[in-house]
Structures are given as C-alpha cells and as structure tokens.
Amino acid sequence: MRQTAKLNELIIKDIKELSDREKQEVLNFIEFLRIKEDRSFIEYVNWRTQKAIEAKKRGEVFSSLEELQEEYA
C-alpha cells in the first residue's frame with residue numbers, strides 16, 4: 001500500500017511538470033491502456049495498421065492519434 005501511494009505521488013509530480021500538449025498525450029496513453037485488450041479495438045488497430053502501410057506506399061500522410069481516436073469512438 002505504501003509503495004502504491006509513493007508511486008501515485010511520483011506520477012502526479014511528474015505530470016504536473018509536463019506541458020499541456022504532453023499532458024494530453026498522457027491522457028491519450030491512459031485511454032489506450034484501458035482499451036488495448038478490447039477485441040474490437042485490437043481488430044481496429046490491425047485494420048488501421050494495414051491502411052497506414054498502404055497509405056505510406058502511396059506517399060500519403062498518416063492520421064494523427066487524435067484523429068484515430070475520434071474515428072474509433
């Protein structure tokens with residue numbers, strides 16, 4: 001229990017020092033961690049990966065993480 005409290009304290013301290021953009025990235029990553037084991041999400045990531053590979057071959061620009069999350073939601 002004491003280790004968890006210390007870990008929480010360190011996380012909060014480090015997050016407070018981040019820029020607003022970095023804080024948003026942390027929130028995005030937390031959301032990713034929460035849903036990464038969802039089967040439909042795994043299928044979606046696989047589908048988007050294939051689309052990204054195809055787009056790269058055509059020289060197209062990749063979607064941002066935010067765009068992908070909005071599309072998935």
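Helices here are DSSP runs of H or I with at least four residues, strands are runs of E with at least two, and both are numbered from the N terminus. By that count the chain has 4 helices and 0 strands, and along the sequence the pattern reads α-α-α-α.

A word on the source: this is a predicted model, where local features need pLDDT of at least 70, side-chain atom pairs count only at pLDDT 80 or more, and totals for chains, interfaces and linings use all residues. Residues are numbered from 1 along each chain as its sequence is written, and side-chain values use heavy atoms, with hydrogens and water left out.

Now for the overall picture. The radius of gyration is taken over C-alpha atoms, and the globule rule is 2.2 Å times the number of residues to the power 0.38. For 73 residues, a compact globule would come out near 11 Å, but this chain has 16 Å. Buried means under 20% relative accessible area, exposed over 50%, and partly exposed in between, with a 1.4 Å probe and protein chains only.

| Property of the chain | Value |
|---|---|
| Residues counted as buried | 7% of 73 residues |

Which residues of H3 are buried? They are Phe41, Tyr44, Arg48 and Ala55. Seen down the axis of H3, the buried residues fall within an arc of 55 degrees, so they line one face of the helix; the arc is that of the directions from the helix axis to the C-beta atoms. An α-helix has 3.6 residues a turn, so residues three or four places apart point the same way. On the other side of H3, Arg39 and Lys57 are exposed. Just after H3, glycine 59 takes a positive phi of about 80 degrees.

Elsewhere, serine 19 sits in the loop between helix H1 (2–16) and helix H2 (20–35). Serine 19 counts as partly exposed because its relative accessibility is 33%. Serine 19 and alanine 55 are 36 residues apart in sequence and 31 Å apart in space, C-alpha to C-alpha.
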